[in-house]
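Dear colleague,

I am handing over the structure shown below, together with an account of what was found in it. Please read the account beside the structure itself.

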Amino acid sequence: MKPIKSRLENELIALNEAEDILKSMGFSYGGNWDYDHGYFDYKLDDEDGYTFLRIPFKAVEGELDKRDTTVQMGEPFLLAHKYQIGLDDHAGAGNLSGSVNQFSEPQDPDATIDKKWIGIAKELVQKAEAQLLK
């Protein structure tokens, strides 16, 4: 995980406004929320794992299943996971186990982040700041 300093941190923003602006920039927030907090994600890479720019937020007025909710933005960060190549050494072989545990564990759930993604993430955060902090 690599934090990205941002003026967004601690800013209060209407969820519907943040969602509209960030989705238009390529961020998603599909299933990545609970009733009191969530993340806007931007997928940067998915070649041997994945790298996401993630902007956390938490509800300060209302719940996240309502569009009139006010959220407080958190500090953006980069998150990388590297997939295990080959078979999972800990996978079970039974029918029940095979139907539940279909995916191998990440080889490195907190993988090193390529410097090129740090620069791109900083640019994306600056664009998000320009749009959200007008």
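Predicted model: local features only at pLDDT ≥ 70, side-chain atom pairs only at ≥ 80, totals over all residues.

Residues are numbered from 1 along each chain as its sequence is written, and side-chain values use heavy atoms, with hydrogens and water left out.

**Strands**

Helices (H or I, at least four residues) and strands (E, at least two) are DSSP runs, numbered from the N terminus. Two strands are said to pair if DSSP finds at least two bridges between them. Strand β3, residues 37–45, pairs with strand β4, residues 49–61, in the antiparallel sense, over eight bridges. Three residues form the hairpin that joins β3 to β4. Within this pairing, Gly38 stands opposite Phe57 of β4.

Strand β4 also pairs with β5 in the antiparallel sense, through four bridges. Here the bridge partner of Lys58 is Gln72 in β5. Strand β5, residues 70–73, is in turn joined to β2 by three bridges, and these two strands run antiparallel. Thr70 in β5 is the bridge partner of Ala14.

The phi of Asn10 is near 75 degrees, a positive value in a residue other than glycine. Asn10 counts as partly exposed because its relative accessibility is 49%.

**Helix α1**

Helix α1 covers residues 15–24, and its residues Leu15, Ala18, Glu19, Ile21 and Leu22 are buried. The buried residues of α1 pack against β2, β3, β4, β5 and α3 (115–132), where contact means heavy atoms within 4.5 Å. Just after α1, Gly26 takes a positive phi of about 105 degrees.

**Phe77 in strand β6**

Phe77 lies in strand β6. Phe77 is classed as buried because its relative accessible area is 11%. Leaving aside neighbours within four places in sequence, Phe77 is in contact with Met1, Lys2, Pro3, Ile4, Tyr39, Phe52, Leu53, Arg54 and Pro56. Although Phe77 and Pro3 are 74 residues apart along the chain, their C-alpha atoms are separated by 4.1 Å.

**Salt bridges**

A salt bridge is a side-chain nitrogen of Lys or Arg within 4 Å of a carboxyl oxygen of Asp or Glu. The structure holds six of them.

One of the salt bridges joins the side chains of Arg7 and Glu129, at 3.7 Å from N to O. Arg7 is exposed, with a relative accessible area of 54%, whereas Glu129 is buried, at 8% relative accessibility.

A salt bridge is also found between Glu19 and Lys23, whose closest N and O atoms are 2.9 Å apart. Both residues lie in helix α1, four residues apart, about one turn of the helix. Glu19 is buried, with a relative accessible area of 11%, while Lys23 is partly exposed, at 43%.

Asp65 and Lys66 form a further salt bridge, with their closest N and O atoms 3.7 Å apart. Asp65 is partly exposed, with a relative accessible area of 38%, and Lys66 is partly exposed too, at 45%.

**The largest pocket**

On a 1 Å grid over the protein atoms alone, a pocket is an open set of points where a 1.4 Å probe fits, with protein on both sides within 12 Å along at least five of seven lines; lining residues have an atom within 4 Å of a point. The largest pocket is lined by 14 residues, of which Asp45, Asp48, Gly49, Thr51 and Trp117 lie nearest its centre. The elements that give two or more residues to this lining are β4, β6 (77–83) and α3.

With kind regards

How values were computed:
Buried < 20%, exposed > 50% of the residue type's maximum accessible area, 1.4 Å probe, protein only.
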